[in-house]
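Thanks for coming, everyone. Let me put the structure up, and then we'll walk through it.

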Amino acid sequence: MKFRYKHSILIGLAILSLSACVTKKYERPQLKSEGLYRDNNTTDTTTIADVQWKTLFSDTTLQSLIQQGINENLDLKQAIERIKIAEATLIQSRGALLPSLQADVNVTDNKQSQASLNFPPGININLETQTYKAQLSTSWEADIWGKLSSAKRGAYATLLQSDAAKRAVQTQLIATIANNYYTLLALDKQLAITEQTIKVRTQDVETMKALKQGAVVNGAAVVQSEANLYAAQVTLPDLKRSIKEAENALSVLVAKAPNAINRTTLDQQTPYADLQTGVSAQLLKNRPDVIAAEFGFRSAFENTNVAKAYFYPALTITATGGLSSLQLQDFFSKSIFYNLVGGLTQPIFARGANKARLKTAEANQQIAFYNFQQTLLTGGQEVSNALYAYQTASEKEATRAKQIASLTKAVDFTKELLRYSSATNYTDVLTSEQSLLTAQLSGINDRLQKLQSVVNLYRALGGGWK
């Protein structure tokens, strides 16, 4: 007896050791995660990814829009439904580790004729019987090689991947709403400047007509001033169309029909200034799409474990028990039956299915690894681009303010010279006015770039879901 007991223990340990050889434990793969931010060698781990989005965006109107988007956006709701699908798959994979149980109750009529019973000629007997049967049957596959456990871990990784993907949708949604909101404010400011320019140029036309009557300018100056006015007026329809389109885009993001959007002004916006990035390795835990990519790789890794286990025998134990009787009155007294069967199924020839399954799983695992690395590198690229965009926007803002101030003076000077001397002509006025309008509109774009670069940096670092 002791020998059998020890023998069983040795067999069990041998099976466990073989199982460890078949399936492997997941470890994060070696990949480049340091130094991904160009020209940024900080070792400070403080990052704006940890800042709440309501702190990053001080405009309460924008805060309200973002909250509406989080509550109602249809892409985000789809991501939540995908999480439910992954949860159902995980529950199913956990169930595979448990025995199955089926119940069956039936009554069977059996009738045999004379021919089938081989009675002598002349004897005509028909034998009819009824069998009453109720049984429970169960089946359980022992997870010797870790196939079922790997499938469960793979399903869990898929669930976590779906949850991370949902967070990635949320961070992108917040960034898209904020960027579209700032674009709308910039268009409002461009429209206001253009309308003000039209008023000034309308006055210029009247001034040129008066100067022509006074023989200060000729007819060419008058028609040039009119053309200058029309050049500003013709931009109004496109600006108004762009405003409508920006409003429509924001409406859809918050799951509403296209409509007007309540908003403040561009001048009221204050960009978040404490732009700390942390170190690039933090993308592995802060950026949702990177997290999702790792869980995708982990799921593929477990699928490879499952594919390897198919090459080894499966131990299945089945049991059946119940009641069976030819007489209904004896059903609960003389009718108990049961059986227990254990068996090993060893794949021998499966038409290459197991090899194909393993080869496919290994290729998918490699693809998932490449996607993991690519997503991380893309994150570093986006952080680097956003930082440089903020830097260049800040540099342009300071210079642009000086340019606009100088061009404003140039317009005033040339107009005065045109009225009171012959030292200039209307072409100089026209040139200075066009340059001023271009600089003013570019200044709005500089401001927009600065605001949006903060938003893009926040998203690139993984902010918005915590």
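One term before we start: a residue is called buried when its relative accessible area is under 20%, exposed when it is over 50%, and partly exposed in between. Take leucine 184 as our test case. Its relative accessible area is 0%, so leucine 184 is buried. Keep in mind that this is a predicted model.

Now the overall picture. The protein chain has 466 residues, and 39% of them count as buried. Its secondary structure comes to 12 helices and four strands. The accessible surface is about 26,600 Å². Carbon and sulfur atoms own 56% of that surface. What about contacts along the chain? Take those with a separation of 6 or more: 82% of them join residues 24 or more positions apart.

Next, helix packing. Two packed helices are described by the angle between their axes and the distance between the axes.

Pair one is α6 and α7. Helix α6 covers residues 147-213, and helix α7 covers residues 219-233. Their axes come within 9 Å and cross at roughly 170°. Angles over 145 degrees count as roughly antiparallel, so α6 is roughly antiparallel to α7. Who meets whom? On the α6 side, the residues include Thr194, Ile198, Arg201, Val205 and Met208. On the α7 side, they include Ala221, Val222, Ser225, Asn228 and Leu229. By class, this contact has eight nonpolar, seven polar and five charged residues.

Pair two is α6 again, now with α10. Helix α10 runs over residues 288-309. The two axes come within 8 Å and cross at roughly 165°. The same cut-off applies, so α6 and α10 are roughly antiparallel to each other. The crossing of α6 and α10 is left-handed. The residues of this contact divide into 12 nonpolar, eight polar and six charged.

Helix α12 covers residues 426-460. The axes are 10 Å apart, at an angle of about 10°. Parallel or antiparallel? Under 35 degrees counts as roughly parallel, so α7 and α12 are roughly parallel to each other. From α7, the contact uses Ala221, Gln224, Ser225 and Asn228. From α12, it uses Tyr426, Thr427, Leu430, Glu433 and Gln434. The classes here are three nonpolar, five polar and one charged.

Let's go down to single residues. Back to leucine 184. This leucine lies in helix α6. Which residues does leucine 184 touch, beyond those up to four places away in sequence? They are Ile243, Ala246, Glu247, Leu250, Ile261 and Arg263. Look also at lysine 244. Leucine 184 and lysine 244 are 60 residues apart in sequence, yet 8.9 Å apart in space, C-alpha to C-alpha.

Glutamate 247 lies in helix α8. Buried or exposed? Its relative accessibility is 8%, so glutamate 247 counts as buried. Setting aside neighbours within four places in sequence, glutamate 247 is in contact with Leu184, Asn259, Ala260, Ile261 and Arg263.

Now over to tyrosine 458, in helix α12. Tyrosine 458 is buried, because its relative accessible area is 2%. Again leaving out neighbours within four places, tyrosine 458 contacts Ile48, Ala49, Val51, Gln52, Trp53, Leu56, Gly463 and Gly464. Tyrosine 458 and alanine 175 sit 283 residues apart in sequence and 8.1 Å apart in space, C-alpha to C-alpha.

Last topic: backbone angles. Most residues other than glycine have a negative phi. Here are two residues with a positive one.

First, aspartate 39. Phi of aspartate 39 is near 55°. Aspartate 39 is found in the loop between α1 (2-22) and α2 (53-56). With 75% relative accessibility, aspartate 39 counts as exposed.

Then alanine 255. Its phi is near 60°. Alanine 255 is placed in the loop between α8 (236-253) and α9 (283-286). How accessible is alanine 255? The relative accessible area is 36%, so alanine 255 is partly exposed.

That's the tour. Over to you for questions.

Methods. Residues are numbered from 1 along each chain as its sequence is written. This is a predicted model: local features need pLDDT of at least 70, side-chain atom pairs count only at pLDDT 80 or more; totals for chains, interfaces and linings use all residues. Side-chain values use heavy atoms; hydrogens and water are left out. Buried means under 20% relative accessible area, exposed over 50%, partly exposed in between (1.4 Å probe, protein chains only). Contact means heavy atoms within 4.5 Å. Accessible areas come from the Shrake-Rupley method with a 1.4 Å probe; for residues, only the protein chains shown count as cover. Axes are lines fitted to C-alpha atoms, for helices over the stretch in contact, and angles run from 0 to 180 degrees between N-to-C directions. Angles under 35 degrees count as roughly parallel, over 145 as roughly antiparallel, 65 to 115 as roughly perpendicular and the rest as oblique. Ala, Val, Leu, Ile, Met, Phe, Trp, Tyr, Cys and Pro count as nonpolar, Asp, Glu, Lys and Arg as charged, and the others, Gly among them, as polar. A crossing is left-handed if the near helix is turned anticlockwise from the far one by less than a right angle, and right-handed if clockwise.
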